[in-house]
Structures are given as structure tokens and as C-alpha cells.
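Please look through the structure shown here before reading on.

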Amino acid sequence: MNFENKFKLLHQIFAYIKFLFRSSNQHGVHSPFVYDLLTKCLYLKNDTPAFQKIRVYWNAVHRDKKSIKVTDFGAGSKVFKSNNRKISAIAKNAGIPLKRAILLNKLGSYFQFKSGLELGTSVGISSAAIAMDNPISLTSLEGCSETANVAQMYFDEFNLKNISVQIGEFDVLLDSILEKENTNKDSRFDLVYFDGNHQKEPTLKYFKKLLPFAQNNSVFIFDDIHWSAEMEEAWEEIKADPSVRVTIDSFYWGLVFFRKEQEKEHFTIRL
Ligand SMILES: C[S@@+](CC[C@H](N)C(=O)[O-])C[C@H]1O[C@@H](n2cnc3c(N)ncnc32)[C@H](O)[C@@H]1O
């Protein structure tokens, strides 16, 4: 492990200790909106056919020993030495853990998102989790074409017709998507999941580009907000934005809500 990665690991350990001291569960929450979100959605101990299919998807990519040639994009991909990688290794290093995949699916069915955008498809674990048995139409962006092709193959296998993968650099794809959306005044994203290029400036740039496409009930989810000191700075700027009302820091995620009827309030919650 090089010096930069050792430093990041140390940062994450300290950030996690701080999080443990500051965080609560539903008992520390007075907002009815957040209390309901925890008790009627995220903390529910149910099982559903969608969760079962997500488990099958998750296991399938984690056991897939085929190799593909990967083009590196964004921070975090430096852990690999060569460009030839096993799909199982990509799933393990870049993919969302099963527990969080289930949480994404719960959010989708609780809020009944209709339109969603994901930055960072990888092999499609989080896309599948968002889309599985939910009414959403999800556009997912990925820079590496071979990785995106693997995701598409699995989406076909799992009959996930509500996901559309677009291949290219985020900036370029976002500009063309947003230009098209702009011509349609009613178009908004109910969900945006930011899970690629975990660096301060790009994160803030994507956030600002997508802000005009949020509506009152939209949810923005930022992955890895404590991954580095600069990602924490980005998270603080996002929280301070005047359009942001409620945020939840769950350590791995930062959830952002725009509900104008709410007081501005920030929660730190164990999920
Ligand atoms: C952490 S992975 C996404 C994991 C996925 N959301 C999941 O949980 O299964 C991030 C992905 O974003 C892609 N990516 C990062 N920066 C990018 C950029 N600037 N343009 C296009 N793709 C990018 C990477 O190729 C990588 O596959």
C-alpha cells in the first residue's frame, strides 16, 4: 500500500470513530419524515422477492471468473495493477456490498421513484438493486465500455428492462442528457445516485449540474462521503447549499432531500 492509500485508510478509521460517537438510530430523531423513513423503510427486517433476486445477482457477479480489459476512470481504481481484471474482482472492489444494495432497493420501493440517474454502473450491482421490481426508469452512466457490457449482459439475464446504460465520460454524457432534459420542462430526476469519481471537484460539479433537475421530493445519494478529507469537504459544501433541506450521513452514504416544507437539519444515523 502506498503512502497516499495508507493516509486515506487512517483518515477513514478516524472518520468512522467520530461517526460512531455522533450517530444515532430512530430514537435520536424528532423529524417525522426521517423517523418514518427509518422505521417504515430502512430498518424494516422484511424479505421480498426483489431482495432474493438481488442476492442472486450479487452472488453471480462475485463468482464470475471471466476476465475483461478495463479502462480506468476516477479515483479509487488505483488498487489494481493490470488492466485485465476478473469480473469477480471488479465486483468485490468497486461494487456495493449486499446490505447497501438491499437498502437501495428499499428506498426505491418506499419513495416509488419513477426516473433515476446513476453515475458509475460498474458491473451493475447498484443499478440492479435500484431497478429490481421497482417502477423506476434508470439511466446509468459508465466510462469503461467492457465493464458496461458486462452489466448489460447481466441486466438482460435478469430481465431488467428498466435500466439503460450509457457509455462515455460522465461530463460528456451528462451534458447531452441534461440538454435533452432541458427541452422537456417537466423532466426531473426522482433519484440521483453518485457513485463514480470520488473526488471533491468532480463531485461538486456533478451536483451543481444536476441540481436544476431535482424536484421537491428528489433524493440525491452520494457514495463514500468519508472516503477522503476532500470528499468530506465536498459533503460539507453540499449540506450547506441553500436548496438542501435534510441530509442523512450514514457514514458510507450522504442522503440529500430538498423538501421545502422541512427545516434545514442534518442527521448522522447508523443504517
Ligand atoms: C465505484 S464504481 C460503481 C459501482 C456501482 N455503482 C455498484 O455499486 O455496483 C465507479 C464506476 O464509475 C466509473 N467512472 C468513474 N469516473 C468516471 C468518469 N469520469 N466517467 C465515466 N465513468 C466513470 C468507473 O469506471 C467505475 O466503473
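## Basis of the report

The model is predicted: local features need pLDDT of at least 70, side-chain atom pairs count only at pLDDT 80 or more, and totals for chains, interfaces and linings use all residues. Residues are numbered from 1 along each chain as its sequence is written, and side-chain values use heavy atoms, with hydrogens and water left out.

## The sheet

Strands of a sheet pair through backbone hydrogen bonds, in either a parallel or an antiparallel way. Here, eight strands form an open sheet with mixed pairing, in the order β5-β4-β3-β6-β7-β9-β8-β10. The edges are taken by β5 (163–167) and β10 (265–268); each has a single partner strand, so one side of each is left without a neighbour in the sheet. On average, neighbouring strands of this sheet are turned by 15° against each other, direction ignored. For such angles, axes are lines fitted to C-alpha atoms, for helices over the stretch in contact, and angles run from 0 to 180 degrees between N-to-C directions.

Helices (H or I, at least four residues) and strands (E, at least two) are DSSP runs, numbered from the N terminus. Two strands count as paired if DSSP finds at least two bridges between them. Strand β4 (residues 137–142) pairs with β5 in the parallel sense over five bridges. S140 stands opposite V165 in β5.

## Salt bridges between helices

Side chains of opposite charge can pair when their charged atoms come close. A salt bridge is a side-chain nitrogen of Lys or Arg within 4 Å of a carboxyl oxygen of Asp or Glu. The whole structure contains 13 salt bridges.

One of them joins D171 and K205, whose closest N and O atoms are 2.7 Å apart. D171 belongs to helix α8 (residues 170–183) and K205 to helix α9 (residues 200–210), so the pair ties together parts that are 34 residues apart in sequence. A network of salt bridges links D171, D175, K205 and K209.

Another joins K200 and E237, with the closest N and O atoms 3.7 Å apart. This pair links distant parts of the chain, K200 in helix α9 and E237 in helix α10 (residues 229–240), 37 residues apart.

## Buried or exposed

Buried means under 20% relative accessible area, exposed over 50%, and partly exposed in between (1.4 Å probe, protein chains only). K200 is buried at 17%, while E237 is partly exposed at 39%. K205 is partly exposed at 37%.

E261 and R259 also form a salt bridge, with the closest N and O atoms 3.6 Å apart. E261 is exposed at 52%, whereas R259 is buried at 17%.
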